[in-house]
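This report describes selected features of one protein model. Please consult the sequence and the structure shown below while reading.

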Amino acid sequence: MNKQTLIQTHNRIKPFIHKTPVLSSSLINKMIGATIVFKCENFQKMGAFKMRGAANAILSLSEEERQRGVVTHSSGNFAQAVSLAAQTLGVKAYIVMPENAPQVKKNAVKTYGGEIIECEATPQAREATANQIKEDKGATFLHPSNQKEVIYGNSTAAIEFLEEQPNLEVMITPVGGGGLIAGTALAAHHFAKNCKVIGAEPKAVDDAYRSLISGHIEMNSSFNTVADGLRTHLGDCNFPIIQKHVEKIICVEEDEIITAMQLIWERMKIIVEPSSAVALAAVLKHKEEFKNQNVGIIVSGGNVDVRNLPF
């Protein structure tokens, strides 16, 4: 993968995505003693960065593949992203969702024209159901985080960020399936002068943190975190990129995630989902480490059930 591939990816998806704003808060800067800027992918189409990867994956398909449709499994944001990107490009989307996915996310998928197939809330059930549809319909499987076209699409958020903020010394993203941090790390490697990439992860699902230490992909036995977008594990496509280009992963507790989320809502007046707040929680927890630096945080999304907030 070279720099040219990422530039081509960005040009390919530009007509189908928003260039999202970069915001800051003087109060948050003061609290941390650093210059913090937020790349607000909660303002992306369908409300999350995942539109970028989904659009690139579908745009990369042949005409014949598009005719047969696409299938994915996702508890929410990628489901919405694939549905909207597919609808925009006139492609049929089959979406496998766990039965306990938030209703607000199921509703959004329907709004974007995706056909929902529900399954048990286990990774095994998701994969089996998606494979069945792949066989029955001849649909192309799109992975939410472990597919190079998706990772390259995701990299464009950081590319835009660095165009606007070329002096970033650190970029921090939440880590779930690893697709955002892998794309961010590639963008930082190719487009930044000297910018470290750090991941932030809930302690309750710290598989990526453990994976970097052990050198192979670790799993979670429990999924009990408020950050519902981060309950998935890394994959063989993104893990090598993370190993090579990500400095480290910081783990945060549930109460720290909720505090950071509330801070963003109250001080920045923007809607973010718990998964997005994990990155700020990591910076708040390790203020000393980030003191006097230019820190970029990628706010991954804003699809949250506003009737069911954790604070």
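Which residues in α12 meet which residues in α13?

## Contact of α12 with α13

The model discussed here is predicted. On the α12 side, the residues that take part are Glu 256, Ile 257, Ala 260, Met 261, Leu 263 and Ile 264. Their partners in α13 are Pro 274, Ala 277, Val 278, Leu 280, Ala 281, Leu 284 and Lys 285. Sorted by class, this contact has 11 nonpolar residues, no polar residues and two charged residues.

Two packed helices are described by the angle between their axes and the distance between the axes. For helix α12 (residues 254-268) and helix α13 (residues 274-285), the axes cross at roughly 100° and come within 7 Å. Angles of 65 to 115 degrees count as roughly perpendicular, and α12 and α13 are therefore roughly perpendicular to each other.

## Contact of α1 with α8

From α1, the contact involves Thr 5, Leu 6, Thr 9, His 10 and Ile 13. From α8, it involves Tyr 152, Gly 153, Ser 155, Thr 156, Ile 159, Glu 160 and Glu 163. By class, the residues of the contact of α1 with α8 comprise four nonpolar, six polar and two charged.

Thr 9 belongs to helix α1. With a relative accessible area of 1%, Thr 9 falls under the 20% limit and is therefore buried. When residues up to four places away in sequence are not counted, Thr 9 touches Asn 56, Tyr 152, Gly 153 and Thr 156.

## The largest pocket

The largest pocket has a volume of about 790 Å³. Its lining consists of 42 residues, and the closest to the pocket centre are Ser 75, Arg 126, Gly 229, Arg 231 and Thr 232. By class, the lining of the largest pocket contains 15 nonpolar, 20 polar and seven charged residues.

Three helices, α5 (77-88), α7 (123-137) and α9 (179-191), each supply at least two residues of this lining.

## The second largest pocket

The second largest pocket holds about 220 Å³ of space. It is lined by 13 residues, and those nearest its centre are Pro 102, Asp 228, Val 304, Asp 305 and Asn 308. The lining of the second largest pocket divides by class into six nonpolar, two polar and five charged residues.

Thr 129 is found in helix α7. Apart from residues up to four places away in sequence, Thr 129 touches Val 96, Ile 117 and Cys 119. The C-alpha atoms of Thr 129 and Val 71 are separated by 9.9 Å, although these residues are 58 residues apart along the chain.

Lys 134 is also in helix α7. Its relative accessible area is 40%, so Lys 134 is partly exposed. Leaving aside neighbours within four places in sequence, Lys 134 is in contact with Ala 139 and Phe 141. Lys 134 and Arg 68 are 66 residues apart in sequence, and their C-alpha atoms are 9.6 Å apart in space.

## Residues in loops

Where does Val 226 lie? Val 226 is in the loop between α10 (207-214) and α11 (239-245). Its relative accessible area is 22%, so Val 226 is partly exposed. Beyond its neighbours within four places in sequence, Val 226 is in contact with Glu 254, Ile 257, Ile 258, Pro 274 and Pro 310. Two of these contact residues, Ile 257 and Pro 274, also take part in the meeting of α12 and α13. Val 226 and Asn 303 are 77 residues apart along the chain, with their C-alpha atoms separated by 13 Å.

Two further loop residues have a positive phi. Met 46, which is not a glycine, has a positive phi of about 60°, and lies in the loop between β2 (35-40) and α3 (50-59). Asn 292, likewise a residue other than glycine, has a positive phi near 60°, and is placed in the loop between α14 (287-290) and β10 (294-299). Is each of these residues buried or exposed? At 5% relative accessibility, Met 46 counts as buried, whereas Asn 292 is exposed, with a relative accessible area of 66%.

Note on methods: Residues are numbered from 1 along each chain as its sequence is written. This is a predicted model: local features need pLDDT of at least 70, side-chain atom pairs count only at pLDDT 80 or more; totals for chains, interfaces and linings use all residues. Side-chain values use heavy atoms; hydrogens and water are left out. On a 1 Å grid over the protein atoms alone, a cavity is a set of points where a 1.4 Å probe fits but cannot get out, and a pocket is an open set with protein on both sides within 12 Å along at least five of seven lines; lining residues have an atom within 4 Å of a point. Grid points are joined across faces, edges and corners, and a volume is the space filled by probe spheres set on the points. Helices (H or I, at least four residues) and strands (E, at least two) are DSSP runs, numbered from the N terminus. Ala, Val, Leu, Ile, Met, Phe, Trp, Tyr, Cys and Pro count as nonpolar, Asp, Glu, Lys and Arg as charged, and the others, Gly among them, as polar. Contact means heavy atoms within 4.5 Å. Axes are lines fitted to C-alpha atoms, for helices over the stretch in contact, and angles run from 0 to 180 degrees between N-to-C directions. Angles under 35 degrees count as roughly parallel, over 145 as roughly antiparallel, 65 to 115 as roughly perpendicular and the rest as oblique. Buried means under 20% relative accessible area, exposed over 50%, partly exposed in between (1.4 Å probe, protein chains only).
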